[in-house]
Amino acid sequence: MDTDKFTIKAQEAVQRAQQIAMDHQHQSIECSHLLKGILQVDENVFPFIAKKLSINGPQVENTLDQMIAQHPKVSGAESYFSREAVSALQKAQSSLKELGDEFIALEHLLLGILRSGNPVSRMLKDAGMNEKELMESIKDLRKGKQVHTRSTEETYNALDK
């Protein structure tokens, strides 16, 4: 996976996902680890989207923690991205053209997870997230801007900060 095409925040989220998996002694890095990584490094994207879509963020995080706790523990093995996580990352990358972006940002990762049809995707859908509304809230968050730099997420909601 080429992280050169990721924004700084997206790289941090992926690295955080790897760390979360390692901390829990999970061999495979799953979409649940990716979403948890996003939530831990993000102060703009998910909170904005959750508010916009009336999603209970703490409840999503609680459910996510339960999902992570259910993954099998393995000691001494090399970690790898699961097929579902790779699929989510590929779907995130394929949404670049759709949004006219140069770099994969946190919102691309969210889109990829939502589109990948795994248990985390279903949990997000059950919480009230659907693709059409997610795309609309991403456009609202960006206010017409596109991701052309590796630090684009820092400019989201700049006035609100």
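Predicted model: local features only at pLDDT ≥ 70, side-chain atom pairs only at ≥ 80, totals over all residues.
User: How many helices and strands does the protein chain have?
Analyst: The chain has 8 helices and 2 strands. Helices (H or I, at least four residues) and strands (E, at least two) are DSSP runs, numbered from the N terminus.

User: What pattern do they follow along the sequence?
Analyst: The pattern is α-β-α-α-α-β-α-α-α-α.

User: What is the radius of gyration, and what would a compact globule have?
Analyst: The protein chain has 15 Å. A compact globule of 161 residues would have a radius near 15 Å, so the two agree. The radius is taken over C-alpha atoms, and the globule rule is 2.2 Å times the number of residues to the power 0.38. The C-alpha atoms fill a box of roughly 45 × 35 × 30 Å, taken along the principal axes.

User: How much of the chain is buried?
Analyst: Of the 161 residues, 49% count as buried. Buried means under 20% relative accessible area, exposed over 50%, and partly exposed in between (1.4 Å probe, protein chains only).

User: How many residues are in the largest nonpolar core?
Analyst: That core has 51 residues. Leu 35, Ile 49, Leu 109 and Met 129 have the most contacts inside it. Helices α1 (8-23), α2 (31-41), α3 (45-52), α4 (57-69), α5 (83-99), α6 (106-115), α7 (119-127) and α8 (131-142) each supply at least two of its residues. A nonpolar core is a set of buried Ala, Val, Leu, Ile, Met, Phe, Trp, Tyr and Cys residues joined through side-chain atoms within 4.5 Å. In soluble globular proteins, nonpolar side chains tend to be buried together.

User: What is Leu 109 in contact with?
Analyst: Leaving aside neighbours within four places in sequence, Leu 109 contacts Phe 6, Ala 10, Ala 13, Val 14, Ile 38, Leu 89, Ala 92 and Ile 104. Contact means heavy atoms within 4.5 Å.

User: Now α6. How many of its residues are buried?
Analyst: Helix α6 is mostly covered, with 9 of its 10 residues buried. Among them are Leu 106, Glu 107, His 108 and Leu 109.

User: Which helices do they pack against?
Analyst: The buried residues of α6 pack against α1, α2, α3, α5, α7 and α8.

User: What comes after α6?
Analyst: Gly 117 follows, and its phi is positive, near 65 degrees.

User: And Arg 115, what does it touch?
Analyst: Arg 115 is found in helix α6. Not counting residues up to four places away in sequence, Arg 115 touches Lys 91, Ser 95, Glu 98, Glu 131 and Met 135.

User: Switching to Gly 37. Is Gly 37 buried or exposed?
Analyst: Gly 37 counts as buried because its relative accessibility is 0%. Its place is in helix α2. With residues up to four places away in sequence not counted, Gly 37 touches Ala 13, Arg 16, Ala 17 and Ile 20.

User: Last one: where is Gln 11, and what does it touch?
Analyst: Gln 11 is in helix α1. Gln 11 is buried, with a relative accessible area of 17%. Residues up to four places away in sequence aside, Gln 11 touches Thr 3, Asp 4, Phe 6 and Arg 150.

Key: Residues numbered from 1 in each chain as written. Heavy atoms only, no water.
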